[in-house]
Each structure stands twice: as structure tokens, then as C-alpha cells.
Amino acid sequence: MAIEQQAATQAVPVARRRRLRGETAAEALVRLSGISVIIFVVLVFVFLAREGIPAFFEVEAGNLLGTRWYPTVGRYGLLPLITGSLLVTAGAVLISVPLGLAAAIYMHELAPAWLREILKPLIEILAGIPSVVLGFLGMIAVAPLLREHLNMPTGLSAFAGSVMLAYMALPTIISVSDDAIDAVPRSYRDASLALGANHWQTVCHAVVPAARSGIMVAVMLGIGRAIGETMAVLMVTGNAARMPDGLSALFQPVRTMTATIAAEMGEVANGSVHYHVLFAIGIVLFLITFLVNLLASVLMLRRGTRRDQLLE
Amino acid sequence: MVTGAMPPTSAQPPSEGTCDAMTTTAVPSKIRVEKVSFAYSNAEALRAVSLDVYPHEVTVLFGPARSGKTTLLRLLNRLTDLLEGTRRSGHIYLDGQDIFAPDVDVAELRRRVGMVFAMPIPLPMSIRANLTYGLQLKGIRDRALLEARVESALRAAALWDEVKDRLEDPASSLSGGQQQRLCLARILALEPEVILLDNPTSGLDPISTSKVEASLHELRQRYTIIAVPHSVQQAARIADRAAFMLGGEIIEVGTAREIFTRPRDPRTRDYVEGRFG
């Protein structure tokens, strides 16, 4: 009896001490993972800078800003690659933004409830398709289709890349726009309807403008996804590093920054000029996506404060 | 009771809650609500409500929260159409015409029966565009006419002097009181016949409140006004006629004098005297 009691009184502090030790360990683990994320980001940046910045000293500015990308003969003009990326991305935006916005409006405003319940998860599945699968689809389905119907020498072109990228950006644009439209208070609709507007006029003049900043965020995130995409564009754009000349360039082969890095990194001698220039392209790409994401966050922040004002 | 312009049903004797003053009124009602019941998908809101609203009067619907005031108001210009899973019975007549009849143009109805909401909602556009929006939807394109309507509506809502130099500014840049008067002006620009006001002074300071109340007195000469007031005191200040609502029913209707000085129903008396609610 006495022994049992003694055991009981001892057991409590031991259990507590053990629990405390467990908590400390868990806390340390969580803290470590949090810090490691920061460290990884910094390391990526440091590594990118260390390998890429020498390129700006090894190759003169005139060469880097030139229009010819022939690494084998020492021509490292980045302009065709940058314009190639921008061209493919711009094409993707032109296709995906109207389509994505229209789909979001359809889903939110016109589709019956049961269809909406099907569409939402389907769009999430769309977002999960690996880009190499989409690239494959682009190669065997989209490119031949373009070649036959647009009378092009090869279907592998900037336009094919834009179509595939639009496909990849669509889920992001649709679901973020849908959320933005959903966040518009019902009172906006009521106000417009009470002024004698019909449903469609209300959507065009009151709901979508009220969701404008959220829709801009959707577009930015879509662009961010498109410009950094590699696999699909590598497979369908034809990979010719040439300067786009006018609008017709959209239907000719181009090469993007991402595709260049992916295609050439495996062949390049470690530490060579070419190697450093490829990393420099990575820096340029990083800066562009960083700017796009920054713009998206700024817009998101503005939207947040505006909604706070509404609630007052 | 004049029956000429009325549907046959309106010739029936007035329901029990209607008081003597109304039966002796020789004016036909602008809006007649007849045994209207309404339920949202999850709750009953109105039970067999009947009410006559007369032109050029301020009719006030008052009562505790969730008594069906706003629902009744929203039924009058069919804003309730938007909700799914609602059930409705009974009839509402505007100038003798059933507003729920299948051939009624809802947009046109909402232009005739304008509504100002409890929370001012400026549409995401300029001050001027907020006013011309409804007019343009109605098909008015003449610039001079639009300008004239903008000015007269803003004057009627006592807002012209404050905004005349900044009509292109976004409407969201106005203060709360100005926004509420803008919403009123927006409705006035459409030159409706009936104006519904759902607690139009809820967010306003006393000075703005008295401005809005004063403009109501002016406006009733041209319009028929139905308002859900902020308080019993406000109801007494603005009402020509008042209906006391409780639990989705109209307990008592009468002239303001009757309702606020010698109500017949003990529940009305208790509420007016502040014993509950």
C-alpha cells in the first residue's frame, strides 16, 4: 500500500518531465524546419549568384545583349531567349485570361449547382497534370493540328507553346478568379439589380469590376506559372533561338529561357563561360518571376485593405 | 375604397388588422399586399401579410429584428427572386397589376420601385457613373438629359453642393453619409414611383440622419415611400402611416397618430412604449 503510493507520487513528475522533454524536442524540430526553409531559399540565391554573376564579367555587355545565341562560337545574346519567353508567355496570357475569366464567370454565375460541384474538382485535377504529359500532348496532338490547319512548315512554334502554357495557367486563373468573384458581397448585386440591371449587366458592371483586383492577382499568378514553365515549352516550341520579327513570329519556332537552360545544361562543361551564362539566364528568369509575384502580392494586399474598408 | 383600377380581389372587405382611417380614404392604394406568405429555404419569414400603401405618404414598417420588415420590402421589387429554395403565396399589386405575373418585366419593375439599402453600396465606378448607370441601362443616351438628371437627383438628395466639383472621383471616396445619399440620389435619378428605404440611416451620424429625414418629407410629395426605420423614435418622426410587425405578421396598421399615440393592440403598445424589443 505504502509502496504503491510512493510509486504513484514518483510517477507523476517523471511523466511530466518526459512530456516536457518531448515538447522541447518537437519545438526544436519545428523551429529547425522553419529556419531551414529560409536557409534553402538563401542558398539557392547564393548558388545562383555565384555561378551566374561571373558571366557578366566573362562576356561583354554588348555580346550578352546581342541578338545571336550561338554558344559554340561564343555568341551569348540573351535577347532572343528573353523575347522568346515573353512571346510565348504573352500568347499564353492572351489565350488563358479571357478564357479563364469567362470560365470563372460561367462557373460562378450561370452553371447550375450540380455542374459547379463537378467543375471545381475537375479544374483542380487539371492543375495536377504533369507538364511533361501536357508537352507530350502538345507534340502529338496540338502541333500537327496547327501545321495542317494554319499551313505552317512545322507545328512546333511559339503558338503551340502558348496554347500549352495557357492550358497550364487556366486552372490557376479560373480558381483564383472564382474566389475573387465569390468574395464580392451580395449587396453589390442587389444594388445593381435594384437599379434595373439584369443579371448579365450586373455581372459585367458591378460584380467583375468589384472583383477586379482579385482577378488581377489570378492573372499574375497565371503568368508566374507560365513564364517559369519548362518541360511543355521545351517539347513544343521548336527550340530555335531566333529573334522574333513582328507578329508572325508567334507562328515560328522560338526558344525560351527555361528551355535553353534545360536543354543545354547537361552538355556544358562545368565552370565554362557557357555554363556561367546559363546560370545568368537563371538569374534573369528569377528576377522576372520575382517581380511578377511581387506585383501579385501587392495587389493582394491592396485587395485585403479594401475589403476591410468595406466592412467598416 | 375605390375599386375601379383594382383587380377584383381588392374589392373584398379589408382584413381585420386594417383600421377605420384606411377604409374611409378615398385614394386608391399604390401598392396592395394581399395575404402574402414567404419562407426562405430554412425559415418562415412572413405569414399572410396584408397591407395597403397609399401614394404620397411615408409608410413605415417597424418592429423588432427578424419580424419580416426587410423581407416584405425586398418582395416589393422582387429582389427575393434571386434566392433559391424560397416559397411564396399571396399577391402584390402595383397600381392594380400583379407584380409576380409572368409577363412583368422585372428590370422595369425595379426602376419603378427603387430601393435604398441599409448599407450604402456605391458601385465600383465614379460618382457620376453611379448615377447614370441605371439611366443608361434604361436606354437613355442623351448626354444633356443625363447631365440634367444627375444634377437634379443630387440636389434632391442634398448632395449636389458637396460633390459637384468631383463627379469623376470614385464613389468609394465619399464618406458614409455621402455614400448613403448617393445611393438615394441614384434611385431618384431613375424617377421611380415608389422608393423603398431599408434602414437608410443605420450608419449615419445624427446630422446626416436629419438631412435624410428632411429630404424624405420633401420627397413624399412626388413619390410613395416605404421605409424601415432605425428606431421607434425615427418611425414616429417620419411616418404618415405605420405598420407594426412581429414574428412575420402585421399586428396593426394605422395612421402615425393612431399607432404612436393610441395603439389598439397591446403588443404594439408595449413595443412603442419600449417594454420589449
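**Exercise 1. In what order do the 6 strands of the open sheet in chain B stand, and how do they pair?**

Solution. The model is predicted.
- Step 1: read across the sheet. The order is S6-S7-S8-S3-S9-S10 in chain B, and the pairing is mixed.
- Step 2: find the edges. Strand S6 (113-116) and strand S10 (249-255) of chain B each pair on one side only.
- Step 3: check the twist. From one strand to the next, it averages 15 degrees.

**Exercise 2. Determine the sense in which strands S3 and S9 of chain B pair.**

Solution. 
- Step 1: locate the strands. S3 of chain B covers residues 58-62, and S9 of chain B covers residues 241-246.
- Step 2: assign the sense. Their pairing is parallel, over 4 bridges.
- Step 3: B:Arg241 in S9(B) stands opposite B:Thr59.

**Exercise 3. Describe the interface of domain 1 and domain 2 in chain A.**

Solution. 
- Step 1: Domain 1 is 2-58 and domain 2 is 78-311. Their C-alpha centres are 38 Å apart.
- Step 2: count contacts. 11 residues of domain 1 touch 9 residues of domain 2, with heavy atoms within 4.5 Å.
- Step 3: take the area. The two domains bury about 880 Å² between them, 79% of it on carbon and sulfur atoms. On the domain 1 side, A:Leu48, A:Glu51 and A:Glu58 supply 53% of the buried area, more than any other three residues.

Terms used: Residues are numbered from 1 along each chain as its sequence is written. Chains are lettered from A and ligands numbered from 1 in the order in which they are written. This is a predicted model: local features need pLDDT of at least 70, side-chain atom pairs count only at pLDDT 80 or more; totals for chains, interfaces and linings use all residues. Side-chain values use heavy atoms; hydrogens and water are left out. Two strands pair if DSSP finds at least two bridges between them. Helices (H or I, at least four residues) and strands (E, at least two) are DSSP runs, numbered from the N terminus. Axes are lines fitted to C-alpha atoms, for helices over the stretch in contact, and angles run from 0 to 180 degrees between N-to-C directions. Domain bounds come from an automatic or database domain assignment. Buried area is the accessible area (1.4 Å probe) that two parts lose on being put together, summed over both.
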